[in-house]
Amino acid sequence: MALIRDIAQICKSKNAGPFNVTIDVLFEDHDLYRRVKATGALNAALFSKLYGVKEEDVLFTPYDTAAAFKATFPRAIPAGDIGDTDVYGAQQHAPLLDVDIPLET
């Protein structure tokens, strides 16, 4: 098992407009990316569970050429609205950092 925080070169979030957030997970090592992808651990269902959104509302895309995964889903509170604590969406990746990926050694 390996935590995303330990194996991804970049894991970041940002707004995708005021109503959505995008999370990017990038790997420097293409072989490691392929191994992570092969586990199937990163998927729309995971983001649904972590962020409390419907699975069908998660746009999950692996980008093989960039050795990256991208997930876009609705924000719980629109950016800048009353109750929003992260107007830029820059802290939304935190729950993903502790996800264990079942990599074979």
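This is a predicted model: local features need pLDDT of at least 70, side-chain atom pairs count only at pLDDT 80 or more; totals for chains, interfaces and linings use all residues.
Q: Which residue with a positive phi follows H3?
A: Helix H3 covers residues 44-51. The residue that follows H3 has a positive phi, near 65°, and is Gly52.

Q: Against which elements do the buried residues of H3 pack?
A: The buried residues of this helix are Ala44, Leu46, Phe47, Ser48 and Tyr51. Taken as a group, the buried residues of H3 pack against S3, S4, S5 and H4.

Q: Which residues touch the most other members of the largest nonpolar core, and which element gives the most to this core?
A: The largest nonpolar core holds 28 residues, and those touching the most other members are Val25, Phe27, Val36 and Leu96. The elements that give two or more residues to this core are H1, S3, H2, H3, S5 and H4. With 4 residues, the element that gives the most is H3.

Q: Which residues is Leu96 in contact with, leaving aside its neighbours within four places in sequence?
A: Leu96 is one of the residues that touch the most other members of the core. With neighbours within four places in sequence left aside, the contacts of Leu96 are Ile4, Cys11, Ile23, Val25, Leu42, Leu46, Phe47, Leu50 and Tyr51.

Q: Is Val58 buried or exposed?
A: Val58 belongs to the loop between H3 and S4, and its contacts beyond four places in sequence include Ala44, Phe47 and Ser48 as well as Ala71, Thr72 and Phe73. Because its relative accessibility is 10%, under the 20% cut-off, Val58 counts as buried.

Q: With which side chain does the side chain of Thr72 make a polar contact?
A: Thr72 is found in strand S5 and, at 18% relative accessibility, counts as buried. Leaving aside neighbours within four places in sequence, Thr72 is in contact with residues including Ala16, Asn20, Val21 and Thr22. At a distance of 2.9 Å, the side chain of Thr72 makes its polar contact with the side chain of Thr22.

Q: Which residue takes a positive phi in the hairpin of S4 and S5?
A: Strands S4 and S5 pair in the antiparallel sense over 5 bridges, and Phe60 stands opposite Ala71 in S5. The hairpin has 4 residues between the strands, and the residue with a positive phi, near 55°, is Ala67.

Key
Residues are numbered from 1 along each chain as its sequence is written. Side-chain values use heavy atoms; hydrogens and water are left out. A nonpolar core is a set of buried Ala, Val, Leu, Ile, Met, Phe, Trp, Tyr and Cys residues joined through side-chain atoms within 4.5 Å. Buried means under 20% relative accessible area, exposed over 50%, partly exposed in between (1.4 Å probe, protein chains only). Contact means heavy atoms within 4.5 Å. A polar contact is a pair of N or O atoms within 3.5 Å; within protein, one must be able to donate a hydrogen and the other to accept it, and residues adjacent in sequence count only if both atoms are side-chain atoms. Two strands pair if DSSP finds at least two bridges between them.
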